[in-house]
Amino acid sequence: MSANTFGNAGFSVLLPGARLESRCGPTNARVRCHLGLKIPPGCELVVGGEPQCWAEGHCLLVDDSFLHTVAHNGSPEDGPRVVFIVDLWHPNVAGAERQALDFVFAPDP
């Protein structure tokens, strides 16, 4: 998804006690792949009202167009929650649709 503004990759670090309020992603044309790197106890992800589980060394696919919240309810001794996130095309988006979205939402030069 690197040819449009919806494709991103990066690390997400959440400190103990932090909570990201409910929100929805900008499009349902992508899914986000979360690779758990450091997942202390007390970390939670709820997507569309359904609890999800990160696991260290494993990927979790998330459609962030659904309302979702993230929290780290662990103690300071637990340290941060760290995941690497990569955006992928949603499998239901056809090739022609991908090309059109890349054209319409091309990054600024």
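Modeller: Val31 has Leu88, in strand E8, as its bridge partner. This is a predicted model, in which local features need pLDDT of at least 70 and side-chain atom pairs count only at pLDDT 80 or more, while totals for chains, interfaces and linings use all residues. Residues are numbered from 1 along each chain as its sequence is written, and side-chain values use heavy atoms, with hydrogens and water left out.

Strands (E, at least two residues) are DSSP runs numbered from the N terminus, and two of them pair if DSSP finds at least two bridges between them. Eight bridges join E3 and E8 in the antiparallel sense. E3 also runs antiparallel to strand E6 (residues 59-62), with four bridges; there, Cys33 has Leu61 in E6 as its partner.

The largest pocket holds about 160 Å³ of space. A pocket here is an open set of points on a 1 Å grid over the protein atoms alone, where a 1.4 Å probe fits, with protein on both sides within 12 Å along at least five of seven lines; a lining residue has an atom within 4 Å of a point. Grid points are joined across faces, edges and corners, and the volume is the space filled by probe spheres set on the points.

At least two lining residues come from each of strand E2 (19-23), strand E3 (30-38), E7 and strand E8 (81-89). E8 gives the most, with three residues. The lining comprises seven nonpolar, three polar and four charged residues, where Ala, Val, Leu, Ile, Met, Phe, Trp, Tyr, Cys and Pro count as nonpolar, Asp, Glu, Lys and Arg as charged, and the others, Gly among them, as polar.

E7 (residues 68-72) includes His72. His72 is buried, at a relative accessible area of 0%; buried means under 20% with a 1.4 Å probe, protein chains only. The His72 side chain reaches the backbone nitrogen of Gly74 at 3.1 Å.

E7 runs antiparallel to E4, with five bridges between them, and Thr69 in E7 stands opposite Val46. Strand E4 (residues 43-47) has Cys43, Leu45 and Val47 on a covered face, and Glu44 and Val46 on an uncovered one. Three bridges join E4 to the antiparallel strand E5 (residues 50-52), where Glu50 is the bridge partner of Val47. In the hairpin of E4 and E5, two residues lie between the strands, and Gly48 has a positive phi near 60°.

Definitions and conventions
Buried < 20%, exposed > 50% of the residue type's maximum accessible area, 1.4 Å probe, protein only. Polar contact = N/O pair within 3.5 Å; in protein donor to acceptor, adjacent residues only side chain to side chain.
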